[in-house]
Amino acid sequence: MSIKITGTGSALPVRAVTNEEITHLVDTSDEWIRERTGIGGRHVSTGETVASLAARACGLALENAGKSAREVELILVATCSPEDVTPCAACQVQEQIGAVNAVAFDLNAACSGFLFALHTAWAYVESGIYQNALVAGSEVLSKIVDWEDRGTCILFGDGAGAVYVEKCEDGGILGFVQHSDGSRGHVLSGACRALENPFFHQEQTKNYIKMDGREIFSFAVRQIPKTIEEALARAELSAGEVDLFLLHQANRRIIEGISKRLGVDMDRFPMNLERVGNTSSASIPLLLDEINRKGALKPGMRLVLSGFGGGLTCGACVVEWQ
Ligand code: COA
């Protein structure tokens, strides 16, 4: 038994921000950003929230699957940038879409969050606890990005993607792996509010994303091909038998490095980072939805979804489309 994706949806904030606009904030250029990352623009929230974007994406995924909100049994929202500690974004989504029969909670594994949430949904369905789930990745990173740091503010964007998954007997998720390495957490970090109470005082620091770009770059290029090979081995497939590789949209050069190491042509690595930048946990379902809505996915096609990010975390999942 497994789960199959029967609906996809996505949502982006209205405001699109070009590289040229970023040059008014920090010392950079459109040429540098495009050459080093492949990013040409991103969408930035002017009021949209993690929950409102996720709710839009989930609503579209349900519509795409031909299901009603009342049928949903589980809602998982992966996010590392929620507005509220409580209620969690997933409960807000439940309320906004009217999924009155669902249980809902959030999950945070940074940019690997959507994949980890998808695997969690698989575990719930496989064990017979639930029959279906809405799984979303949603981020409003613009509130935790340091807009004075040219090393990070050029990279990230806001947005959400979601899938509706249901129990299936054949196909669907054929194999997956996930890894965490907490000893390297400092490579990509974003602090919460400092400890401050009547009994303890700690200096407040800027709670922005901090990143060692080169470390992340080499982690992704070295670790992701191995992780994909591991997931493919579990599915008893080789890289040559995969139709499309949908990777976390962090940097075009990272994806090129991974394609080279896997020995697979770049035309099997669709990308949307030129328009949306790195949307963290939203990036894989956002890309999947765009491809699905173009009608590019046919039954029997094999996809690899793979992501990496803060934690450090990474994962890969092999899917047979139905
Ligand atoms: N515009 C212009 N120059 C910039 C710049 C910017 N936005 N950001 C950095 N630079 C400069 C640096 O200061 C450095 O200058 P120096 O040589 O005078 O010191 C030079 O460009 C090279 O910096 P470096 O950090 O080596 O660049 P890079 O080629 O590694 O590219 C990243 C930087 C961030 C684009 C790249 O490392 C990357 O994409 N890493 C992965 C990050 C990521 O994906 N994070 C999210 C993971 S989920």
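Helices (H or I, at least four residues) and strands (E, at least two) are here DSSP runs, numbered from the N terminus. The model is predicted, so that local features need pLDDT of at least 70 and side-chain atom pairs count only at pLDDT 80 or more, while totals for chains, interfaces and linings use all residues. Residues are numbered from 1 along each chain as its sequence is written, and side-chain values use heavy atoms, with hydrogens and water left out.

**Overall fold**
- The chain has nine helices and 15 strands. Its radius of gyration, taken over C-alpha atoms, is 19 Å, close to the 20 Å that the globule rule (2.2 Å times the number of residues to the power 0.38) gives for 322 residues, so the chain is as compact as a globular protein of that length.
- Along the principal axes, the C-alpha atoms fill a box of roughly 55 × 50 × 35 Å.

**Ligand site**
- There are 23 residues around the ligand, of which T28, R36, R150, R214 and N251 come nearest; a residue is near a molecule if one of its heavy atoms lies within 4 Å of it.
- By class, this shell holds 10 nonpolar, eight polar and five charged residues, where Ala, Val, Leu, Ile, Met, Phe, Trp, Tyr, Cys and Pro count as nonpolar, Asp, Glu, Lys and Arg as charged, and the others, Gly among them, as polar.
- At least two shell residues come from each of helix 2 (30–37), helix 6 (213–234), helix 7 (252–262) and strand 14 (302–309), and helix 6 gives the most, with four residues.
- Polar contacts (pairs of N or O atoms within 3.5 Å) include one between a ligand oxygen atom and an N or O atom in the side chain of R36, at 2.6 Å. For the side chain of R214, an N or O atom is 2.7 Å from an oxygen atom of the ligand, and for the side chain of N251 the distance from an N or O atom to a ligand oxygen is 2.7 Å.
- The protein covers 74% of the 960 Å² of accessible area (Shrake-Rupley method, 1.4 Å probe) that the ligand has on its own.

**Backbone geometry in loops**
- Most residues other than glycine have a negative phi, and most peptide bonds are trans.
- T86 and P87 are joined by a cis peptide bond with omega about 0°, and P87 is found in the loop between strand 4 (74–78) and helix 4 (89–97).
- The peptide bond from G311 to L312 is also cis, with omega near -10°, and L312 lies in the loop between strand 14 and strand 15 (313–320).
- A110, a residue other than glycine, has a positive phi near 50° and is found in the loop between strand 5 (103–107) and helix 5 (113–126).

Definitions and conventions
A polar contact is a pair of N or O atoms within 3.5 Å; within protein, one must be able to donate a hydrogen and the other to accept it, and residues adjacent in sequence count only if both atoms are side-chain atoms.
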